[in-house]
Amino acid sequence: MSFMVANYVSANYGWLKAPDGCTAQVTLKPGKNQDGYMTNEDILSQLKVVAALVKEIYPDNNHYFIYDNATTHLKRPDGSLSVRCTPKEESTVFGVDISKRDSEGSIIPGEKQQMAMHGASFNGEPQPLYFPPDDGIGMGKFKGMERILAEQGIETTGLKAECKKFKCTPPQRDCCMQRILYNEPDFQNVESNLEILARSLGVQVIFLPKYHCELNFIEQCWGYAKRLYRLNPESSREDVLEKNTLEALDAVPLVSMRR
Ligand SMILES: [Zn+2]
């Protein structure tokens with residue numbers, strides 16, 4: 001049995017909690033036959049709750065939410081620009097893979113469908129990545145990287161499409177077509193769903209550098225709570241597991257958080 005708690009904490013105020021006891025805490029029993037896993041959509045829903053709460057409790061502050069640099073946090077809108085597997089030449093089928101959904105809008109696990117990319121620009125003007133469709137409907141052919149770069153005046157003769165597994169040797173920036181596209185401002189500046197939502201809610205999101213979750217002091221809070229948790233007698237009962245977990249979290253002293 002696993003038990004997961006997702007919550008917000010600040011070194012000024014401790015765990016986020018309204019005077020009436022309301023919190024943005026989410027608990028989950030992760031696993032295939034349990035509650036599933038925390039998705040980007042869950043994280044967005046939680047941010048909506050937390051933004052409303054902080055604005056109510058601390059109306060005079062500016063609010064910044066710090067997140068680890070994790071894939072679930074960084075998810076971009078479907079169809080965002082991406083160089084993953086972009087073909088060099090014209091291609092009828094090229095789009096980005098997105099999750100397939102059923103008629104009720106729920107994700108079908110493991111199934112993918114293709115969606116055309118959007119949002120490309122060059123010199124401040126939109127740059128279409130697809131030819132107009134022959135029949136006037138649907139999605140036309142993908143232009144291919146060669147042509148997209150040629151339209152920008154970039155010479156690609158003799159250049160390969162992609163360095164092996166896109167592991168280019170730094171500081172090379174023009175070793176392959178994918179690397180050149182990857183470094184262009186329209187590909188670089190795609191905002192994550194979290195950033196887009198945060199802006200609409202009047203708060204801000206900061207992502208920690210990759211592989212440095214230890215900079216996120218919530219990790220130390222979890223660590224402290226886990227130590228307290230292990231001081232309890234062992235139990236195989238789920239309700240005891242939950243109660244002990246939540247009590248251990250509640251017991252992390254503010255002074256330890258500040259340290
Ligand atoms: Zn390369």
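# A chat about the zinc site and its surroundings

Guide: Let's start with the metal: the 4 donor atoms around the zinc ion subtend angles of 103 to 122°, which makes the arrangement tetrahedral. Keep in mind that this is a predicted model.

Visitor: Nice. Which residues are the protein donors of the zinc ion?

Guide: They are C163, C168, C175 and C176, each through its SG atom, and they lie 2.2 to 2.3 Å from the zinc ion.

Visitor: And how are those donor residues spaced in sequence?

Guide: The spacing reads C-x4-C-x6-C-C. C163 and C176 both sit in the loop between α3 (145–150) and α4 (177–182), so the pair ties together parts that are 13 residues apart in sequence.

Visitor: Are C163 and C176 buried or exposed?

Guide: Both C163 and C176 are buried.

Visitor: Then which phi value does K165 have?

Guide: Phi of K165 is near 55°, a positive value in a residue other than glycine. K165 is also placed in the loop between α3 and α4. Its relative accessible area is 69%, so K165 is exposed.

Visitor: What about phi of Y211?

Guide: Y211 has a positive phi as well, near 60°, and again the residue is not glycine. You'll find Y211 in the loop between β10 (204–207) and α7 (218–230). With 74% relative accessibility, Y211 counts as exposed.

Visitor: Let's zoom out. Which domains is the chain divided into?

Guide: There are domain 1, made of 4–75 + 193–258, and domain 2, covering 96–188. The C-alpha centres of domain 1 and domain 2 lie 35 Å apart.

Visitor: Last topic, pockets. How much space lies in the largest pocket?

Guide: About 1,700 Å³. The lining of this largest pocket is made up of 44 residues, and those nearest its centre are T71, K75, R76, S82 and R84.

Visitor: Which elements give two or more residues to that lining?

Guide: Those are α1 (40–57), α2 (71–74), β6 (96–101), β7 (107–115), α4 and α5 (185–188).

Visitor: And where does the largest share of the lining come from?

Guide: From β6, which contributes 5 residues to the lining of the largest pocket.

Visitor: Great. Could you recap the zinc site for my notebook?

Guide: Happy to! Four cysteine SG donors, from C163, C168, C175 and C176, surround the zinc ion at 2.2 to 2.3 Å. Their arrangement is tetrahedral, with angles of 103 to 122°. In sequence, the donor residues follow C-x4-C-x6-C-C, and C163 and C176 are both buried.

How values were computed:
Residues are numbered from 1 along each chain as its sequence is written. This is a predicted model: local features need pLDDT of at least 70, side-chain atom pairs count only at pLDDT 80 or more; totals for chains, interfaces and linings use all residues. Side-chain values use heavy atoms; hydrogens and water are left out. Donors are N, O and S atoms within 2.8 Å of the metal (3.2 Å for Na, K and Ca); water is not among the atoms, so sites may look incomplete. Four donors count as tetrahedral if all angles lie between 85 and 135 degrees; four count as square planar and six as octahedral if opposite donors are over 155 degrees apart and all others between 65 and 115; anything else is irregular. Helices (H or I, at least four residues) and strands (E, at least two) are DSSP runs, numbered from the N terminus. Buried means under 20% relative accessible area, exposed over 50%, partly exposed in between (1.4 Å probe, protein chains only). Domain bounds come from an automatic or database domain assignment. On a 1 Å grid over the protein atoms alone, a cavity is a set of points where a 1.4 Å probe fits but cannot get out, and a pocket is an open set with protein on both sides within 12 Å along at least five of seven lines; lining residues have an atom within 4 Å of a point. Grid points are joined across faces, edges and corners, and a volume is the space filled by probe spheres set on the points.
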